[in-house]
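Dear colleague,

I am passing on to you the structure shown below, and after it you will find an account of what turned up in it. Please read the account with the structure open beside you.

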Amino acid sequence: MVFEGTYAQYRNIQVPSWAHDFPPTKFANTIYGAPSSSQANMAISLSQRRNAGYVYVTNLAGSNPYNALPSYWPSEDSAITTGCGQRAAITLP
């Protein structure tokens, strides 16, 4: 896990250039507080450009943003798995 934080924080992080020297499967990002599916899609796109092989995005926030799936889970699942050789809920190509 190389990132866990809010969508606002995630938009502004800088990933070191050496991260691209490693396979994406070495990196996971968890982003919470992304209120809309368009923000979730942007976070997913950013995670791919940042070489993260695993990503989870949720609209939930607060002390436990993991106590339920995000309201936009079906579209998030579809966005992440589109183009994958195998269907896995949070694995990016």
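On a 1 Å grid over the protein atoms alone, a pocket is an open set of points where a 1.4 Å probe fits, with protein on both sides within 12 Å along at least five of seven lines, whereas a cavity is a set from which the probe cannot get out; residues with an atom within 4 Å of a point are counted as lining. Grid points are joined across faces, edges and corners, and a volume is the space filled by probe spheres set on the points.

Please keep in mind that this is a predicted model, in which local features need pLDDT of at least 70 and side-chain atom pairs count only at pLDDT 80 or more, while totals for chains, interfaces and linings use all residues. Residues are numbered from 1 along each chain as its sequence is written, and side-chain values use heavy atoms, with hydrogens and water left out.

The largest pocket has a volume of about 150 Å³. Its lining is formed by Val2, Phe3, Ile13, Gln14, Val15, Pro16, Trp18, Ala19, Phe27, Asn29, Arg50 and Ala52. These residues divide into nine nonpolar, two polar and one charged, where Ala, Val, Leu, Ile, Met, Phe, Trp, Tyr, Cys and Pro count as nonpolar, Asp, Glu, Lys and Arg as charged, and the others, Gly among them, as polar.

Turning to the fold, the chain has three helices and three strands, and from the N terminus on these elements run β-α-β-α-β-α. Helices (H or I, at least four residues) and strands (E, at least two) are DSSP runs, numbered from the N terminus. Strand 1 (residues 3-6) pairs with strand 2 in the parallel sense over four bridges, two strands being paired if DSSP finds at least two bridges between them. Within this pairing, Phe3 stands opposite Asn29 in strand 2, and Thr6 stands opposite Tyr32 in strand 2. Strand 2 also pairs in the parallel sense with strand 3 (residues 54-57), over four bridges, and there Ile31 stands opposite Val57 in strand 3. The chain crosses from strand 2 through helix 2 to strand 3 in a right-handed β-α-β crossover, and strand 1, helix 1 (residues 7-12) and strand 2 likewise make a right-handed β-α-β unit. A crossover is called right-handed if, with the strands pointing away from the viewer, the path from the first strand over the helix to the second runs clockwise.

As for burial, a residue is buried under 20% relative accessible area, exposed over 50% and partly exposed in between (1.4 Å probe, protein chains only). Buried residues make up 37% of the 93 residues in the chain. Strand 2 (residues 28-32) is largely enclosed by the rest of the structure, because four of its five residues are buried. Among contacts (heavy atoms within 4.5 Å) between residues at least 6 apart in sequence, 64% join residues at least 24 apart.

Thr58 lies in the loop between strand 3 and helix 3 (73-81), and with a relative accessible area of 0% Thr58 is buried. Leaving aside neighbours within four places in sequence, Thr58 is in contact with residues including Ile31, Tyr32, Pro65 and Tyr72. Tyr72, together with Ser75, is also in contact with Ser37, neighbours within four places again being left aside. Ser37 has its place in helix 2 (residues 37-49) and is partly exposed, with a relative accessible area of 33%.

Thr25, in the loop between helix 1 and strand 2, counts as exposed at 52% relative accessibility. Although Thr25 and Ala52 are 27 residues apart in sequence, their C-alpha atoms are 6.9 Å apart in space. Asn51, found in the loop between helix 2 and strand 3, counts as buried at 11% relative accessibility, and Asn51 has a positive phi of about 70° although it is not a glycine.

With kind regards
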